[in-house]
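Hello,

Here is the structure we talked about. Please open it first, then read my notes below.

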Amino acid sequence: MTDSQPTLAARIAFRIYKSVLSPVLHAFSPSQCLYLPTCSEYAYVALVRFGPIRGSWMALRRVARCHPFAKGGFDPVPERNSGAPPSVSIHSDRLP
């Protein structure tokens with residue numbers, strides 16, 4: 001497995017969230033997403049860029065910031081800032 005490809009489990013979890021859990025959550029809170037990218041898109045990119053542990057932590061923190069009193073707005077996943085160039089190019093962060 002390379003950093004540029006999410007694991008099969010991450011892809012399946014993302015698709016289940018987008019097709020099942022997200023519509024259920026929006027049924028209880030019909031408002032539009034406050035952030036761009038949406039929390040699920042943010043989680044997917046975070047998992048691809050930072051791996052399952054740090055990416056999951058970042059996604060959970062993002063979901064925790066999503067509440068009715070949040071400002072919202074543009075909140076992209078940060079780039080990896082190690083000494084080496086990022087292992088994931090912008091083009092491989094695209095959603096399936």
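**What I found**

Phe14 is buried, and Tyr44 is buried too (buried means under 20% relative accessible area, exposed over 50%, partly exposed in between, with a 1.4 Å probe and protein chains only). This is a predicted model: local features need pLDDT of at least 70, side-chain atom pairs count only at pLDDT 80 or more, and totals for chains, interfaces and linings use all residues. Residues are numbered from 1 along each chain as its sequence is written, and side-chain values use heavy atoms, with hydrogens and water left out.

Back to the rings. A search of the whole structure gives one aromatic pair (ring centres of Phe, Tyr or Trp, its six-membered ring, within 6.5 Å). The centres of Phe14 and Tyr44 are 4.8 Å apart and the planes are at 50°, so the pair is tilted (under 30 degrees is stacked, over 60 edge-to-face, the rest tilted). Phe14 is in helix α1 and Tyr44 in helix α2, so the pair ties together parts 30 residues apart in sequence (helices are DSSP runs of H or I, at least four residues, numbered from the N terminus).

Now the helices. α1 (residues 8-28) and α2 (residues 39-65) pack at about 175°, with axes 10 Å apart (axes are lines fitted to C-alpha atoms over the stretch in contact; angles run from 0 to 180 degrees between N-to-C directions). They are therefore roughly antiparallel (over 145 degrees; under 35 is roughly parallel, 65 to 115 roughly perpendicular, the rest oblique).

Last, Arg62. This residue sits in helix α2. Arg62 is buried, at a relative accessible area of 0%.

Best wishes

Conventions:
Helix = DSSP H or I, 4+ residues; strand = E, 2+ residues; numbered from the N terminus.
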